[in-house]
Amino acid sequence: MIEYLDRLPQMLGRCGSAMVDVAVIGAGQTKYGNHPSGLKGMWAEAAESAFASVDHGFEPRSVDEAFIGSVAFGGAQLGNTAALLTEHSGMDGIPVRRVENACASSGFALRDAWMAIKSGQADVVVAGGIEKMNDLSPERKRFWLGVSGDTEWERLAGLTFPGTYALMARRHFHEFGSVHDDLVHISVKNHMHGFLNEVAHIRKEVSFEKANSGFMVADPLTLYDCCPTSDGASCVILAADHVVRQFTDDPVWVRSSGAGSDRLALHDRPSITQLIATQKAAQSAYSAAGLTASDVDFAEVHDCFTVAEMMATEDLGFAQRGEGGVFAREGRGRLNEGDVCINPSGGLKSKGHPLGATGTGQAVEVFKQLRGSVEHGRQVTDAEVGLSHNVGGSGATCSVHLFGRSRE
Amino acid sequence: MTSTIDWQGYLVVQNDMSMLIQSPFMCRGQVVYGADSDATTMAIAGLQFMLSRGHSIQSVHLTEPINAEIVGLATGIDSPQINENIATSSVEWDILVGDEATLVIAHNSIERYEFDQPVGLVELEERLFDDLNDAWEKETALAHVSQGAYVSHSQYLEGARARLSLASQRLDEQSIWPPRQMDAAGLRLPSPSTALVGKATVESWTKLSAAGAPSEFSLRAPILGGIQTVFVRFEQGPAGVFLLADDLEYQPKIGDAVDFSVRKIYAQESFIRYGLKAFPVE
């Protein structure tokens, strides 16, 4: 009888009728940047790092299912990517699939993994992401940038993502009185945070003057407003509450997963100074977790361009609508100085943006921050609740996850 | 003397039932096309001019190198070149292609054309002219194919009518553009039928450096010093993004009114994608 009761949550979970809680038990990633390895080597490195981070030890054959995000930039392995990568990381034979939602691919892989456990179909699930962007010639790389925008209408109007985000920035300046200097503050902050991050692509502090003098990429966005194109892989291991203690006594709980979508093209949206997909994802995540923006101690937000972070601080509720510029100007997102630390990893701007790896890479940072295991000088003090925010393209898709030291 | 009219970036001289339309650019003593114009774009501009002056043109005789399909999509004017059901004898209008960048559009009752010389020609720098011509030649080569995202010929044609004529869908007194497939109830929307009219207003804009522009523009963007895109809203409600015409000297501002003209956008697989580009309303 006792044995039966012990297994009851698991059995109910498999029936899909009980709320199974989900925890992150391990997480790891490669350094982002110009990585010397190919696709398989990078994934193996990230998986190895994640396996090694599990306190009580971990064998990949424990994994029930895997979801791996990738845009397959350049076609390195466009079809059956997940099967290839799990085959090379000790997870042969399990159900796997590649998840593609542009730059939010692995944010959604994480959500799919969370849902697989929530539904009771699996106990241990890997969510990961990977992108190899720098093994293409500059000429070929140019063809692939912007594949996730509206190719028929926006791309034929000369727009890639620097262009679409530039349109958003100029309109935000016009509607709310924000200025380019606000974006420079974001760039300086994220480079300052990323300077201390051992896995960051660009570990370089940048002065305000330097960040304000980059060459123009898409007016008004300069080089220092744009994230780099990075290689990288990231891997997160999730487990159901009833098996967590087999692996660690120090889990990080996934308090909720929210997601949303919006129309692909900017001109089909009612406003270009906010991302409705982010707002939907955030509302869903906050509501499910019973938390508000004021409960969040730090957030890894999707700053593919500095203006994206400015809008995200509004859409996630850290600043009032139209006040994202003021938020940045007043340093309210700085590590252990502001209201809520925004991008302690350095964000996409400094840590880097290997498209498909970014979402789970954010979760790796949250896992480490909440367990107090980041590099000296980069720790968010007394962090209890962290948020990850992963956007696909110019805001067509978005996932938001809330993580906590405590289960509730 | 008949005055010269500046129309969609071209020079027009009009008589009663005929008109001369000409590129405003000269190079090495010849009238030449500008950075994103050709006989097709100028034929469209000319026909639209005649329509704007009250002429009724149902069909027209076209000759190479004018693309009759694009002209038809942009203006709604048919031609025997693309519609075998049209009897040649029933076509009342002709477009004659000159040796240089000039066209004559005339009713076939006119036996002799005489036009005053258009005024307002500007000299195009030889190096710029040659570089742009070389770039277009490379772009239109069959081997020039995107290795990533691009708009295929069939995808382009699916939306070409809306793209070239601003034909919009109507639903519950609202205009929808660019065209969409289904409404929120899951019902298929009607085909685009009503052209957006009136001016559009700039709500945002950007200038992309050659490094920030899509690869489809990689040959010409460096020559042009980047490309400019405006986000505009039409009086009827819909919004859209458009390139500015390449040969404009114009710095957009939010609130500016713009109009549109069909120009070349880019070429791939030997097929030129035409579309509307914006220019300021004086």
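Helices (H or I, at least four residues) and strands (E, at least two) are DSSP runs, numbered from the N terminus. The model is predicted, and local features need pLDDT of at least 70, side-chain atom pairs count only at pLDDT 80 or more, and totals for chains, interfaces and linings use all residues. Residues are numbered from 1 along each chain as its sequence is written, while chains are lettered from A and ligands numbered from 1 in the order in which they are written.

Just after helix 2 of chain B, Gly76(B) takes a positive phi of about 80°. Helix 2 of chain B itself is mostly covered, with 7 of its 8 residues buried; a residue is buried if 20 or more other C-beta atoms lie within 10 Å of its own, exposed if 12 or fewer, and partly exposed in between, with C-beta atoms placed from the backbone. The buried residues are Ala68(B), Ile70(B), Val71(B), Gly72(B), Leu73(B), Ala74(B) and Thr75(B). Their cover includes helix 1, helix 4, strand 16 (257-268) and strand 17 (271-280) of chain B, where two residues are in contact if their C-beta atoms, placed from the backbone, lie within 7 Å. Pro65(B) lies in the loop between strand 6 (60-61) and helix 2 of chain B. The peptide bond that leads from Glu64(B) to Pro65(B) is cis, with omega near 5°.

Chain B is assigned a domain 1 (5-124) and a domain 2 (153-280); the bounds come from an automatic or database domain assignment. The centres of domain 1 and domain 2 of chain B, taken over C-alpha atoms, are 23 Å apart. Their contact takes 15 residues from domain 1 of chain B and 15 residues from domain 2 of chain B. On the side of domain 1 of chain B that touches domain 2 of chain B, the elements giving two or more residues are helix 1 (39-52) and helix 2 (68-75) of chain B. Helix 1 of chain B gives the most to this side, with 4 residues. The residues of this side of domain 1 of chain B divide into 6 nonpolar, 7 polar and 2 charged. Here Ala, Val, Leu, Ile, Met, Phe, Trp, Tyr, Cys and Pro count as nonpolar, Asp, Glu, Lys and Arg as charged, and the others, Gly among them, as polar.

Most residues other than glycine have a negative phi, and most peptide bonds are trans. Arg28(B) is exposed, because 10 other C-beta atoms lie within 10 Å. Leu166(B), also not a glycine, has a positive phi of about 60°. The loop that holds Leu166(B) runs between helix 4 (153-165) and strand 10 (167-171) of chain B. With 23 other C-beta atoms within 10 Å, Leu166(B) is buried.

Lys138(B) belongs to helix 3 (residues 126-139) of chain B. Lys138(B) is partly exposed, as 13 other C-beta atoms lie within 10 Å. Residues up to four places away in sequence aside, Lys138(B) touches His144(B) and Leu219(B). Between Lys138(B) and Gln268(B) there are 130 residues in sequence and 9.5 Å in space, C-alpha to C-alpha.

In chain A, helix 2 (residues 39-52) has 14 residues and reaches 20 Å from its first C-alpha to its last, close to the 20 Å expected at 1.5 Å a residue; the expected span is 1.5 Å times one less than the number of residues. Buried residues of helix 2 of chain A include Trp43(A), Glu45(A) and Phe51(A). Among the elements covering the buried residues of this helix are strand 1 (22-29) and helix 3 (81-87) of chain A.

Helix 4 (residues 105-118) and helix 14 (residues 358-370) of chain A pack at an angle of about 65°, with their axes 5 Å apart. Axes are lines fitted to C-alpha atoms, for helices over the stretch in contact, and angles run from 0 to 180 degrees between N-to-C directions. Helix 4 of chain A and helix 14 of chain A are therefore roughly perpendicular to each other; angles under 35 degrees count as roughly parallel, over 145 as roughly antiparallel, 65 to 115 as roughly perpendicular and the rest as oblique. The residues of this contact divide into 3 nonpolar, 6 polar and no charged.
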